[in-house]
Amino acid sequence: EIVRLCDPEAVGNCSSIMVHGETQRGWLVDRFPHAADRIVVTGNPRTDLMDDEVIAATRSDMISRIGEIGEFILFNTNYATFNPREGDTLRFYENCLAAGVLQAGDDADMQYFRDWCDWEKNNLEHALAFLATLEREKCPLPVVVRPHPGERLEFWQDALAGRSGFLVRREGDHIAWTSCAKMVAHTSCTTGLEAFLLDR
């Protein structure tokens with residue numbers, strides 16, 4: 001996926017290509033051997049956002065915002081194909097074409113998109129079952145469901161309307177939410193890695 005999304009034209013136009021680690025560098029060097037001297041391991045810049053000083057700056061504001069909740073479980077979602085912020089799945093597909101993530105008329109890309117949609121639909125069914133289990137088992141902590149910025153908030157508000165123990169929230173910094181949570185559950189989102197690095 002990393003190699004597939006790396007545009008050869010972009011590689012040709014960059015004086016430096018910064019990658020997360022040696023494995024990623026190896027994949028890109030295999031694909032673009034002419035650019036090997038420009039592919040540099042720098043680490044993942046998102047981890048810098050979890051520096052104690054950076055978190056402290058956002059955490060104090062977040063603690064005051066969520067103080068009324070107390071301890072909570074954070075549930076981060078990521079369903080932009082099934083629940084895009086604007087339009088529907090077809091609109092999301094068209095956005096992928098416009099961004100160059102998928103190529104129009106490419107059978108392999110169309111199958112890839114279908115598989116992506118099927119995977120998200122299946123994942124969503126399991127996520128909803130997980131939330132229903134928390135409700136049925138009377139989870140002792142409130143569950144804050146934080147939809148991905150690329151999703152419609154209303155889907156989750158409707159799905160959890162009238163069900164006790166759930167809050168749908170998206171305001172504030174996602175790392176601050178993660179750092180304040182007792183634990184984090186996610187649906188295949190980078191926030192899962194961040195939660196791990198923050199010991200949540």
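Where in the chain is the place of Asp199? Asp199 sits in the segment after α9, and we will come back to this residue after a tour of the whole chain.

**Getting started**

This is a predicted model, in which local features need pLDDT of at least 70 and side-chain atom pairs count only at pLDDT 80 or more, while totals for chains, interfaces and linings use all residues. Residues are numbered from 1 along each chain as its sequence is written, and side-chain values use heavy atoms, with hydrogens and water left out.

**The chain as a whole**

You will find nine helices and six strands in the chain. Here helices (H or I, at least four residues) and strands (E, at least two) are DSSP runs, numbered from the N terminus. The C-alpha trace spans about 55 × 40 × 25 Å along its principal axes.

Of the 200 residues in the chain, 34% are buried. Buried means under 20% relative accessible area, exposed means over 50%, and partly exposed is in between, with a 1.4 Å probe and protein chains only. The accessible surface of the chain is about 11600 Å², and carbon and sulfur atoms account for 54% of this surface. Such areas come from the Shrake-Rupley method with a 1.4 Å probe; for residues, only the protein chains shown count as cover.

Contacts (heavy atoms within 4.5 Å) also tell us about the fold. Among contacts between residues at least 6 apart in sequence, 64% join residues at least 24 apart.

As for charge, the chain has 20 positive and 32 negative charges, and their mean positions are 5 Å apart. Lys and Arg count as positive and Asp and Glu as negative, with His and the chain ends not counted. Each charge is placed at NZ of Lys, CZ of Arg, CG of Asp or CD of Glu.

**How confident is the prediction?**

The predictor's confidence in each residue is its pLDDT, from 0 to 100. The chain has a mean pLDDT of 89, with 97% of its residues at 70 or more. Where pLDDT is low, the predicted coordinates should not be read in detail.

Helix α4 holds Ser60, Ile63 and Ile66. Ser60 is partly exposed at 49% relative accessibility, and Ile63 is partly exposed at 41%. Ile66, in contrast, counts as buried because its relative accessibility is 5%. Leaving aside residues up to four places away in sequence, Ile66 touches Phe72, Trp177 and Cys180.

| Pair | Apart in sequence | C-alpha to C-alpha |
|---|---|---|
| Ser60 and Ala176 | 116 residues | 8.6 Å |
| Ile63 and Ser179 | 116 residues | 9.8 Å |
| Ile66 and Val184 | 118 residues | 16 Å |
| Ala159 and Thr187 | 28 residues | 16 Å |

Ala159 itself is partly exposed, with a relative accessible area of 26%.

**Aromatic rings**

The structure holds 10 aromatic pairs. Rings of Phe, Tyr and Trp (its six-membered ring) pair if their centres lie within 6.5 Å; planes under 30 degrees apart count as stacked, over 60 as edge-to-face and the rest as tilted. One of the pairs joins Phe82 and Phe155 edge-to-face, at 6.2 Å centre to centre with 85 degrees between the planes. This pair links distant parts of the chain, 73 residues apart: Phe82 is in the loop between β3 (73-76) and α5 (89-99), and Phe155 is in helix α7 (residues 153-159). Phe82 is partly exposed, with a relative accessible area of 37%, whereas Phe155 counts as buried at 19%.

There is also an aromatic cluster, formed by Phe92, Tyr93, Tyr112, Phe113 and Trp116.

**Two residues with positive phi**

Ser188 is not a glycine, yet its phi is positive, about 80 degrees. This serine lies in the loop between β6 (183-186) and α9 (190-197), and Ser188 is partly exposed at 42% relative accessibility.

That brings us back to Asp199, in the segment after α9. Asp199 also has a positive phi, about 60 degrees, although it is not a glycine. With a relative accessible area of 66%, Asp199 is exposed.
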